[in-house]
Amino acid sequence: MPIKTVYKAQVEYMQILDENGKLDEKLAKDTLTDEEVLSLYEQMTVCRQLDEVAFRLQRSGRMGTYPQNKGQEAAAAGMGFAAKKGVDWLVPCYRENLALNMHGLPYHYVLLHWMGDERGNKIPEGVYVNPIAIPIGTQMLHATGIAWAFKLRKEPRVAVTFFGDGATSEGDFHEAMNFASVMQAPVVFFCQNNQWAISVPREIQMNSETVAQKAIAYGMPTIQVDGNDLFAVYKAAKEAVERARAGGGPSFIEAVTYRLGDHTTADDARRYRDPQELEAWMGRDPILRLRKYLTGKGVWDDAKQAKLEERAKTIVQEIVKTAEGIEKPTTDDIFDFTYATLPAELERQKSTMRTSSLGQDPAQAGLRDMGTATHGHSAT
Amino acid sequence: MTATREIQFREALREAMSEEMRRDERIFLIGEEVAQYNGAYKVSQGMLDEFGPKRIIDSPISENGFAGMGIAAAMYGLRPIVEFMSWSFSLVAADQILNNAPKMLYMSGGQWGCPIVFRGNDGAGGQLGSTHSWCVEGLYSNVPGVKIVIPSNPYDAKGLLKTAIRDDDPVFFLESERMLGDKGHVPEEEYTIPFGQAELRRGSWDQPADCTLVSFGRPVNFCLDAADELLKEGITCHVLDMRTIRPLDMESVVRSLKQTGRLVVVDQCWPFASVASEVITQTCERAFDYLDHQPLRVNSDDVPTPYAKALEAAYLPNKGKIIGAVKKTMGLL
């Protein structure tokens, strides 16, 4: 037989809670309890509120560029909840605020970061979250490295890395996936496929039917789930985390979702997106669908909703107050945190910065110290 | 006995890594062919036997990959040594080594440091063609947050590499494939060499001379040859081996200039926005009035590195070009 099939593969899609709030009871079995769903619903609502407020803060000049999470809360919640807080490590990009918060990072850190204060990435002790990664895809390799270390140390821990559909076009994606697969590192690659890499739609980014199928090339278990479905995300995430913890190596999850907001506050998606597409996805909103589900179960009503919304506002107000109340960084910080120990040349620039707007003016930066001030025309 | 011990440059590098690895369990070496094959240039020969595959790690051809994983390891408290077979290959890892390693500490408000050493062969001279002959010091020294070390001899290579491994910041350690076989005195006793301290290799701090030659890495040796040749004609030189580019010991440059009044910087990079340009700029900023002639640069020519042996030799800095530059500063040419 001169020609034969040497490899065959397929990709499964899973949805448990549909957009009308109808649950597939069989698939939902042993996933989330009612209390857990309620708690996650509340957290998603707070996260959404934070997002809205952050957007307004940026518009009024109180925050730098901010990427909204809107529409992707179920993905962050499901993955974040499946990973074990205080044990597993989250290695984020920048659109999973809720997952970071669930693992112990106070929200005002996230705001602080986007307000332009690097101390927002100074993670509190005992919180296993990496700094937010802005270059696209680089954090996937960090996750693989961390996971590999867990394996070498025989620690039953898992690294979870978040990235978007756009990041799978980067070389880092291939290298991280290949390494993780070769080393059988306990890492979960969690792709939030929100359909858009800034203004480039998914079908122009890649010619593959799914993102999930890319993992097949690395011999990695892979699945596509409805990313706006908390149950499906959680179920897939839990399986992947447990497999990794049990020594089963890396897994890939494609959470199909949608970026309801702009790429960042520096973007205006109306210029390139079909309003009908946006509207269709509004109907699949992960928070809305949970509300329908909870209401249908009789554990939620309008009065509870109104109370929750009020509470979310208060919580977010407090977060903003905390973030804005932190003393602004001084110019010393930009020198102090460049090297572990301040080099002499930076020490000079640092002291000049404090006393003069001239910054690196050579006369100020060095001449006096070099003992040449008395020689010739040097300014002193 | 120890005073006469001479070893190769590659052995000095190996000793530095092995001694540090015996001292500190957090250190590991990762790169292409570093383990089973004993290193593409035999720098890590025998290290797999001593330290085992958990600490001497063969990687797939994936520079961005192992650079990135090394960075994560460093952030979490390990002390990785990442070998690039050639620094030319580091270009594909630029996002990791330039955009992550040197910014991690700053971007986390001082929390996530990155104590990692990237090392490998840098520079032309081995007929490796244009794509494999990069001198990355010109490119990378523009980036704050990194330290750049570029030794010219086995003694410095060992002492500086030990310091690099112990350093809490990312260090780019640039070796030269052309020098790995060079032999030099390396004592058996432990020593380290601090960063940011240039070494005066010809001349004396308290003796005036005709010209200061500033260089780093392999071209330091060309400067020494040139200085010896010039001495036969009665022309005296200070030869200052910078040893590290970041930090850059400008104090020593100015100190020497005060004894000579003339400056020639010899740099194997391309001239445009090179380290030589930086040395001259800072000299003008700090000590302009000590200059009796405009400072000169001897760089490689501003073209892709030629493949042909004779053309490559013509393109690089060499003794003849250096002698010419020194004489020009003295008005002799």
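1. By the rule used here, 47 salt bridges are counted over all chains; a salt bridge is a side-chain nitrogen of Lys or Arg within 4 Å of a carboxyl oxygen of Asp or Glu. The model is a predicted one, in which local features need pLDDT of at least 70 and side-chain atom pairs count only at pLDDT 80 or more, while totals for chains, interfaces and linings use all residues. Residues are numbered from 1 along each chain as its sequence is written, chains are lettered from A and ligands numbered from 1 in the order in which they are written, and side-chain values use heavy atoms, with hydrogens and water left out.

2. Within chain A, Glu324(A) and Arg62(A) form a salt bridge at 2.9 Å, N to O. Glu324(A) belongs to helix α12 (residues 302–325), whereas Arg62(A), 262 residues away, is in the loop between α2 (34–59) and α3 (73–82). Helices (H or I, at least four residues) and strands (E, at least two) are DSSP runs, numbered from the N terminus. Glu324(A) is partly exposed at 31% relative accessibility, and Arg62(A) is partly exposed at 43%. Here buried means under 20% relative accessible area, exposed over 50%, and partly exposed in between (1.4 Å probe, protein chains only).

3. A further salt bridge joins Asp336(A) and Lys350(A) (2.7 Å, N to O). The two residues are 14 apart, Asp336(A) in helix α13 and Lys350(A) in helix α14 of chain A. Asp336(A) is partly exposed, with a relative accessible area of 27%, but Lys350(A) is buried at 10%.

4. Two salt bridges cross the interface of chain A and chain B. In one of them, Arg286(B) meets Glu345(A) at 2.7 Å, N to O. Arg348(A) also forms a salt bridge with Glu251(B), with the closest N and O atoms 3.2 Å apart; this pair runs from helix α14 of chain A to helix α9 of chain B. Arg348(A) is buried at 11% relative accessibility, and Glu251(B) is partly exposed at 33%.

5. The contact (heavy atoms within 4.5 Å) takes 40 residues from chain A and 47 residues from chain B. The buried area, which is the accessible area (1.4 Å probe) that two parts lose on being put together, summed over both, is about 3800 Å², and carbon and sulfur atoms give 61% of this area.

6. Which residues of chain B does Ile97(B) touch, leaving aside neighbours within four places in sequence? Its contacts include Ala67(B), Trp87(B), Phe118(B) and Phe172(B). Ile97(B), Phe118(B) and Phe172(B) are among the residues with the most contacts inside the largest nonpolar core, which has 152 residues. A nonpolar core is a set of buried Ala, Val, Leu, Ile, Met, Phe, Trp, Tyr and Cys residues joined through side-chain atoms within 4.5 Å. A second, separate core of 32 residues includes Met17(B) and Ile193(B).

7. Arg246(B) and Pro247(B) are joined by a cis peptide bond, with omega about -5°; Pro247(B) lies in the loop between β12 (244–246) and α9 (250–260) of chain B. Gln195(A), although not a glycine, has a positive phi of about 80°, and this residue is buried at 17% relative accessible area. Ala273(B), also not a glycine, has a positive phi of about 55° and is exposed at 56% relative accessibility.
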